[in-house]
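The following report describes selected features of a two-chain model. Please consult the sequence and structure shown below while reading.

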Amino acid sequence: MKLRVRGVEKAFDDKQVLRGIDLDVEPHEVICLIGASGSGKSTLLKCINLLVDIDAGEVWLDDLMITSPRVDADSIRSRMAIVFQAFNLFPHLSVLENITLAPQKVLDVPRSEAVARAEDLLGRFGLSDKRDEYPERLSGGEQQRVAIIRALAMQPEVLLLDEVTSALDPVLVGEVLSLLRDLKAQGMTMVIATHEMGFARETADRVAFLHDGTVAEQGPPAEIFGNPTRPETQDFLRRITDAGRL
Amino acid sequence: MAFVSTIVVLGAVLLVVLNSEAWPAVQRQFFNGFHFRQSFPLVLRGFWQDIWMFLVAEVAILILALVVAVIRALRGPAFFPLRLMAVTFIDIIRGIPMILLILLMGFGIPALQLQGVTSSGLFWGLTAIVLGYSAYTAEVYRAGIDSVPESQRMSARSLGLSQMQTLRFVIVPQAVRNVIPALLNGFVSLQKDVALVFVLGVREGVREAQIYIGSTFNYTPYLAATALFLLVSIPLARYADWYTERDRRRKQAMST
């Protein structure tokens, strides 16, 4: 599945957040979006997932222009999945129910099959013993891993991750990043907005640097981190290095 | 200490009341043992009617109010006419005094003598109460729906759940949990307000007391009815308070 973003613009009230974003995502590719807070990473992911209406531009999923008003947004959303910084698990449902709700209601998967798939995913990511817990009883890292599993249970063609480690204790970041590495090894297509530069450098196939609502520079991580050409990128990386984050 | 001071204060009040000049007259009018024994079975029989009306109305209110609140929570221009109807319903019904609504429907609709429409005062009186309370209860539900974070809606929609599925499986269950204390308070006041249908001649507790008083001019039956209502409403109010307190503590424990 190929994702194409063309000239996407978005303003909230009079604040222009995206000023013409172009981005291609190839099948099985892992793209990391980096950039300062407010550069538009989260908004871009929400636009791709149709959670936010765009003002101009197009988003294509293979041959389908998904930003067309004639497209059924619910069915598109069920082909992609997005995971948020704040987990957003459903607090009134157990871990298992969180994971099996959407497959049953959206994809009409029979309950027994949805449960089997959920148990399989929980087992693969070391969370089998949390099956019947409620979210409030889990650590932040566990909640975020459950949120990712909940997204995977929909068997998405592309997984969008919005700063999924930013709300976690430093000691819990590792378990979530290692799950993402496993997913990459399995060939999952991912677009990851992140502040974890080390992770981006080592895991991404391509890094896109967002600045002021545009993709200022993109390329293989070695190039972006080793030899950035644009002054904005150099400036951003210098500040990251000074902060001891790279 | 609290117990001792309570006994002392209540004892003093009782002493003053029982020794006052008016007490013999009050006792004759309101605490008459003979009239109490005579009227109590009648009032009690009527009171069962009140209990029954309360239960039926409460179920209807909880369902109707939820439907109105959910309609009000629907987003998108396509649902504007439905939302407008819900808001209009709430505004109009809430603006009419309950007793007027009961008179209007309880006497007005049967007077139309429509074919196939019941002329039962009980039915229309109870319907008026259900409508009146539903308008208020819908607003209670709405507060609950608004209290569920927007991120819950977004994450449900991102999984592909439709707007209705999101409300049904994600938003409303959390919303209802958030407003149970407020709903319980509504129970307490409904339990008393069902008696208002007495104005239509429905033979419930207050009406039975009134009939007895009409022939004896002794007001003890009113106190019999009072005692019966208190017997239900006080435990209900205590339970609502207990539940609210427990809920508050649980939320505190969760946020630590």
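This is a predicted model: local features need pLDDT of at least 70, side-chain atom pairs count only at pLDDT 80 or more; totals for chains, interfaces and linings use all residues.

Strand β6(A) runs parallel to strand β7 (residues 158-162) of chain A, to which 4 bridges join it. Within β7(A), Leu161(A) is the bridge partner of Val83(A).

The two chains touch through 19 residues of chain A and 17 residues of chain B. On the side of chain A that touches chain B, at least two residues each are supplied by α2 (73-77), β6 (80-83) and α3 (95-106) of chain A. The largest share, 4 residues, comes from α3(A).

In chain B, helix α6 (residues 121-147) packs against helix α8 (residues 163-193) at an angle of about 150 degrees, and their axes are 8 Å apart. Because angles over 145 degrees count as roughly antiparallel, α6(B) is roughly antiparallel to α8(B). The crossing of α6(B) past α8(B) is right-handed. Among the residues of α6(B) in this contact are Tyr133(B), Tyr136(B) and Val140(B), and those of α8(B) include Ala175(B), Val179(B) and Asp193(B).

The residue classes of the two contact regions are tabulated below.

| Contact of α6(B) with α8(B) | 14 residues | 5 residues | 1 residue |

Key: Residues are numbered from 1 along each chain as its sequence is written. Chains are lettered from A and ligands numbered from 1 in the order in which they are written. Two residues are in contact if their C-beta atoms, placed from the backbone, lie within 7 Å. Axes are lines fitted to C-alpha atoms, for helices over the stretch in contact, and angles run from 0 to 180 degrees between N-to-C directions. Angles under 35 degrees count as roughly parallel, over 145 as roughly antiparallel, 65 to 115 as roughly perpendicular and the rest as oblique. A crossing is left-handed if the near helix is turned anticlockwise from the far one by less than a right angle, and right-handed if clockwise. Ala, Val, Leu, Ile, Met, Phe, Trp, Tyr, Cys and Pro count as nonpolar, Asp, Glu, Lys and Arg as charged, and the others, Gly among them, as polar. Two strands pair if DSSP finds at least two bridges between them.
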